[in-house]
Amino acid sequence: MILHENEIVMAILGMGTLIFIFLNYHQVKRLPSSLTLLSSFYLLLAAWLLTVLEGIFWGEVFNFLEHLFYAVSSVLLLVWCYQTLHSKDRFLG
Amino acid sequence: MILIESIDALFLAASGAAFLLVLQSLHRGYPTLKNRILLVFLLLFIFIYSACLFAEAAIINTSMDEFEDIVGALLPMWWAFVLYGLTQEIANRDLENSERKFRTIFNQTFQYTGLLDLNGNLLEINTTAMEAVGAKRSEMIGRPFWQTAWWSHSRRLQKKIKNAVGKTASGKIVRFEASHPAAAGSLLYVDFSLKPVMDRNGEITMLIAEGRDITEWKRATVEKEKLEIQLRQVHKMEAIGTLTGGIAHDFNNILSLILGYAEMAKDGEQPGANTSQELSKIIAAATRAKDLVRQMLTVSRQMKVERVPISVASMTTEVLTMLRTSMSAGIQLVYDIDPDCKPVLADSTQVRQIIIHLCTNAIHAMEESGGTMEITLQNVFWGEADNRLGTNLEPGAYVVLRVSDTGCGISPHVMDRIFDPYFTTKEPGKGTGMGLAIVHGIIGDYGGAVTVDSEEGKGTDFAVYFPAIKQAKMAAGGPDKALIFEKERILLVDDEEPVLKTGRDVLEQMGCQVTVRRTSLDALATIHNNPDVFDIVFLDQSMPGIDGADLARRIFSIRPDLPVVLCVDSPSSDHEEAAKSSGIAAVAVKPITQSAIAELMQDVRITSGEELDRLN
């Protein structure tokens with residue numbers, strides 16, 4: 001079992017952000033293309049959790065998934081930025 | 001490993017592209033600058049993190065681990081910052097929209113609305129209220145409400161508002177009618193209210209002042225009240241007219257008897273008889289009674305007079321010359337008579353009556369205190385758009401006679417009764433109460449109007465509006481008609497026995513051969529049987545079944561050239577028109593005196609002769 005402190009800290013902080021999202025879900029849901037944005041964050045959080053888990057079991061699988069989630073999360077964030085920042089009406093509702 | 005490298009490369013490329021995209025969008029106005037900066041840093045951190053991962057996977061440089069750890073720790077926190085910033089921006093935007101919406105309602109409503117603190121200082125005021133008085137917002141906000149422009153015209157209202165603020169701050173609702181000085185210089189009437197505004201705990205936090213403009217409503221109410229008063233007056237005068245007409249009918253019949261028999265008795269009396277004086281007194285009293293009926297008919301506008309074009313200016317001057325001699329020394333007479341006043345279609349006696357009644361009233365009003373009587377006469381012209389003093393006058397030219405005095409004035413509580421017949425505030429013996437009633441009756445009959453403006457203790461101003469005529473020849477004196485006696489064969493028709501008897505006696509005394517009939521059918525049968533026996537027929541208009549005018553038409557169908565005189569209780573244009581259309585020779589108003597009968601007969605004979613000559 002190989003656990004890295006920085007990876008655990010990232011996962012815990014990410015969980016903290018998740019709690020913030022749950023507490024303010026009604027407001028967060030009203031953000032433009034919120035599903036894309038939140039999906040991006042959920043995948044990033046999953047990647048952080050997988051980073052911790054890969055040190056415990058299924059190291060190679062979880063490592064692969066971690067990198068894959070980072071990449072997909074990043075693509076989703078790019079899509080969100082394009083959707084929202086290039087459409088004033090969309091952002092201002 | 002190549003697969004992971006490829007995936008990391010995609011991660012790196014996507015995050016780099018997103019970072020560049022956000023950088024390129026920095027100049028935009030949305031989201032807010034703060035959130036755009038947060039977003040730039042988030043994407044920068046993600047880009048750096050992806051670069052570290054890619055470098056690690058590609059074993060380019062493994063010494064970036066510590067840097068990767070730091071950036072990695074920042075990432076979740078920065079996500080939280082970005083999400084918080086964006087949600088706050090949405091909340092702020094909602095708040096702005098809501099505020100804009102309510103401010104629009106607040107400013108666009110027709111109602112004047114303001115917010116005050118508990119001390120009465122103005123916190124907020126809407127645009128409608130500002131525009132109503134032409135005030136500037138910056139000059140009003142923060143000032144005590146009672147010292148603002150809305151109350152600057154009245155100290156009483158300022159005090160009232162100050163008291164209202166105190167009451168409302170203790171939880172009461174205050175509402176009353178008030179006024180504001182309008183920007184145009186007039187007054188705006190408002191239904192004003194002041195209410196407390198409470199927070200969730202029931203604590204009063206501020207006061208809300210509201211004003212609803214009721215100026216138009218108030219104006220309409222005043223107008224409606226005026227119209228109601230006018231309508232009541234019209235109904236009252238109509239009722240008086242109907243009553244007078246009814247009384248005149250019976251009264252005239254009685255007077256016919258009295259005058260007829262008195263004249264007969266006087267004519268048949270032996271020289272030196274001691275009843276001559278008594279009979280003269282009876283005739284004089286009956287004649288006075290006849291004049292009284294005439295006055296009553298004038299009030300009820302049933303008195304028919306011949307109207308000719310006359311100059312009110314010359315009549316006014318003439319009456320003033322006469323009045324000046326009888327005025328007391330304490331009364332000063334000021335007058336301004338426009339000699340170019342247009343002529344009016346009127347009866348000169350009635351115009352004299354109007355001037356004398358108004359001047360006499362003015363003199364009486366100043367009898368004790370003295371003062372100034374001012375008389376003016378001038379032309380006025382009213383167009384369609386002019387406010388004609390609330391009267392029903394038609395647009396056009398008028399001659400206005402104005403009689404003003406500085407006397408005791410008229411008390412407001414008797415103002416609506418001054419034109420009533422027999423209403424007087426003068427001491428017994430000083431006035432009959434018929435003067436203004438007669439003025440009102442005469443001028444109403446002419447299609448004019450009389451207005452009055454008075455303040456108790458200061459004086460009264462009467463204005464009489466005569467409809468002017470454009471061109472006219474002044475009236476000349478009529479020819480004197482000499483009475484002539486002719487022996488005639490008369491058919492007299494009336495349903496009332498006493499009138500019939502008097503009429504027969506009078507006519508017989510004049511030398512006429514008289515046949516009397518009590519019903520229309522009897523009269524018709526008589527003429528039918530002997531159509532050429534009669535020279536003149538006298539018919540009473542008011543008879544049961546076939547009335548006088550109808551009977552005349554039937555007589556003409558038997559003998560078209562027979563002169564018919566229709567006897568009516570009161571003159572009216574309807575009778576004149578009916579008489580003209582049916583060929584009736586003359587219309588006589590009862591009671592008819594002996595001399596009037598002789599004159600009528602003479603006129604009828606002349607007319608008939610002219611008619612015959614024309615036919616021959």
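## Packing of α1(A) and α3(A)

In chain A, α1(A) and α3(A) are roughly antiparallel to each other, a term for angles over 145 degrees between N-to-C directions. The axes of helix α1 (residues 5-23) of chain A and helix α3 (residues 34-53) of chain A, which are lines fitted to C-alpha atoms over the stretch in contact, cross at roughly 150 degrees and come within 9 Å. Helices here are DSSP runs (H or I, at least four residues), numbered from the N terminus.

Residues of α1(A), including A:Gly14, A:Leu18 and A:Ile21, meet residues of α3(A), among them A:Leu38, A:Leu45 and A:Trp48, where contact requires C-beta atoms, placed from the backbone, within 7 Å. By class, the residues of this contact divide into ten nonpolar, two polar and one charged.

## Basis of the model

This is a predicted model, in which local features need pLDDT of at least 70 and side-chain atom pairs count only at pLDDT 80 or more, while totals for chains, interfaces and linings use all residues. Residues are numbered from 1 along each chain as its sequence is written, and chains are lettered from A and ligands numbered from 1 in the order in which they are written.

## Chain A as a whole

Chain A has five helices and zero strands. Among its contacts between residues at least 6 apart in sequence, 65% join residues at least 24 apart.

## Contact between the chains

In all, 33 residues of chain B are in contact with 30 residues of chain A. On the side of chain B that touches chain A, α3(B) gives the most, with 15 residues, and the classes there are 24 nonpolar, five polar and four charged residues.

How values were computed. Axes fitted to C-alpha atoms, helices over the stretch in contact; angles between N-to-C directions. Helix = DSSP H or I, 4+ residues; strand = E, 2+ residues; numbered from the N terminus. Parallel < 35°, antiparallel > 145°, perpendicular 65-115°, else oblique. Contact = placed C-beta atoms within 7 Å. Nonpolar A, V, L, I, M, F, W, Y, C, P; charged D, E, K, R; others polar.
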